[in-house]
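Here is a short walk through a predicted model. Keep the structure open and follow along.

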Amino acid sequence: YNNEKNNNHDKFDLILAAETTYTPQAAQETAILLSRHLTPNTGMALVASKRFYFGVGGGTDAFIAAAHSIPGLTVTRIQEYDSGMANIRD
């Protein structure tokens, strides 16, 4: 994360991501990308992820922790999918 300013053409109102938080490093990089490319105050990202990626340590909780370390980036978990037979997905 840095404080470099981007041009408006680098900003998006909506960013969709899936399976981008599989390691703590990937979760951090996803949070950084969102902070750099979402339109300030109104941009939204929908990130689909497993709660935990076994063996590599990433997942929803790693992404939330990474996002909390970046000023201005807020995360809200809006849906949980738990079949009871597989990894929980958020």
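Begin with what covers helix 1. Its buried residues are covered by elements that include strand 1 (14-18), strand 2 (44-48) and helix 2 (60-68). Which residues of helix 1 are buried? They are Ala 26, Ala 27, Thr 30, Ala 31, Ile 32 and Leu 34. An α-helix has 3.6 residues a turn, so residues three or four places apart point the same way. Keep that spacing in mind when reading the buried set.

Now check the geometry of the helix. Helix 1 runs over residues 24-37 and holds 14 residues. At 1.5 Å a residue it should span 20 Å. The C-alpha atoms at its ends are 20 Å apart, so expectation and model agree.

Turn next to the strands. Strand 1 and strand 2 pair in the parallel sense, with five bridges between them. Leu 14 stands opposite Met 44 of strand 2. From strand 1 the chain passes through helix 1 to reach strand 2, and this β-α-β crossover is right-handed.

Finish with the aromatic rings. How many aromatic pairs does the structure hold? It holds one. The partners are Phe 52 and Phe 54, with ring centres 5.2 Å apart. Their planes lie at 75°, and over 60 degrees counts as edge-to-face, so this pair is edge-to-face. Are these residues buried or exposed? Phe 52 has 35% relative accessibility, so it counts as partly exposed. Phe 54 has a relative accessible area of 67% and is exposed.

Note on methods:
Residues numbered from 1 in each chain as written. Predicted model: local features only at pLDDT ≥ 70, side-chain atom pairs only at ≥ 80, totals over all residues. Heavy atoms only, no water. Helix = DSSP H or I, 4+ residues; strand = E, 2+ residues; numbered from the N terminus. Expected span 1.5 Å × (residues − 1). Buried < 20%, exposed > 50% of the residue type's maximum accessible area, 1.4 Å probe, protein only. Contact = heavy atoms within 4.5 Å. Phe/Tyr/Trp six-rings, centres within 6.5 Å; stacked < 30°, edge-to-face > 60°. Pairing = 2+ DSSP bridges. Right-handed = clockwise from strand over helix to strand, strands pointing away.
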